[in-house]
Amino acid sequence: ENSLQKTSTCSSVNPPRIFVSPYALNLSSFTKLIKRLQERHPGFSREEIVDAVQQVRKINKGVLSGLAINSIEEKTSAIL
């Protein structure tokens, strides 16, 4: 009984490590951004919009984190 309690305590202190891709962490924000851009630019395909967002990321030293969604949307719209 005592060893089970220790095992339980240990697993809660040291949970198994699970790899989470940094791209998956803000997937809902990315999805919202793409949806907003599709509504704003209905003449462009999703692929073209994603490519433009990737260009914004490249211009911003390879990251989008730290930029407000509105800022990313404006910069992407300028590219489109």
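This is a predicted model: local features need pLDDT of at least 70, side-chain atom pairs count only at pLDDT 80 or more; totals for chains, interfaces and linings use all residues.
**Entry 1: the place of E73.** I began by locating E73, which lies in helix 5, residues 69-79.

Entry 2: I set aside the neighbours of E73 within four places in sequence and listed what remained in contact with E73: L33, R36, L37 and R40.

**Entry 3: the salt bridge with R36.** I found a salt bridge between E73 and R36, with the closest N and O atoms 2.6 Å apart. This pair links distant parts of the chain, since E73 is in helix 5 and R36 is in helix 3 (residues 27-40), 37 residues apart. I noted that R36 is partly exposed, at 33% relative accessibility.

**Entry 4: the salt bridge with R40.** E73 also forms a salt bridge with R40, where the closest N and O atoms are 3.2 Å apart. Here too distant parts of the chain are linked: E73 in helix 5 and R40 in helix 3 are 33 residues apart. I recorded a relative accessible area of 37% for R40, which is therefore partly exposed.

**Entry 5: from R40 to E74.** I next followed R40 to E74 and found a salt bridge with the closest N and O atoms 3.0 Å apart. R40 in helix 3 and E74 in helix 5 are 34 residues apart. E74 counts as partly exposed, at 46% relative accessibility.

**Entry 6: the whole set.** How many salt bridges does the structure hold? I counted 3. I concluded that R36, R40, E73 and E74 are linked in a network of salt bridges.

Notes
Residues are numbered from 1 along each chain as its sequence is written. Side-chain values use heavy atoms; hydrogens and water are left out. Helices (H or I, at least four residues) and strands (E, at least two) are DSSP runs, numbered from the N terminus. Contact means heavy atoms within 4.5 Å. A salt bridge is a side-chain nitrogen of Lys or Arg within 4 Å of a carboxyl oxygen of Asp or Glu. Buried means under 20% relative accessible area, exposed over 50%, partly exposed in between (1.4 Å probe, protein chains only).
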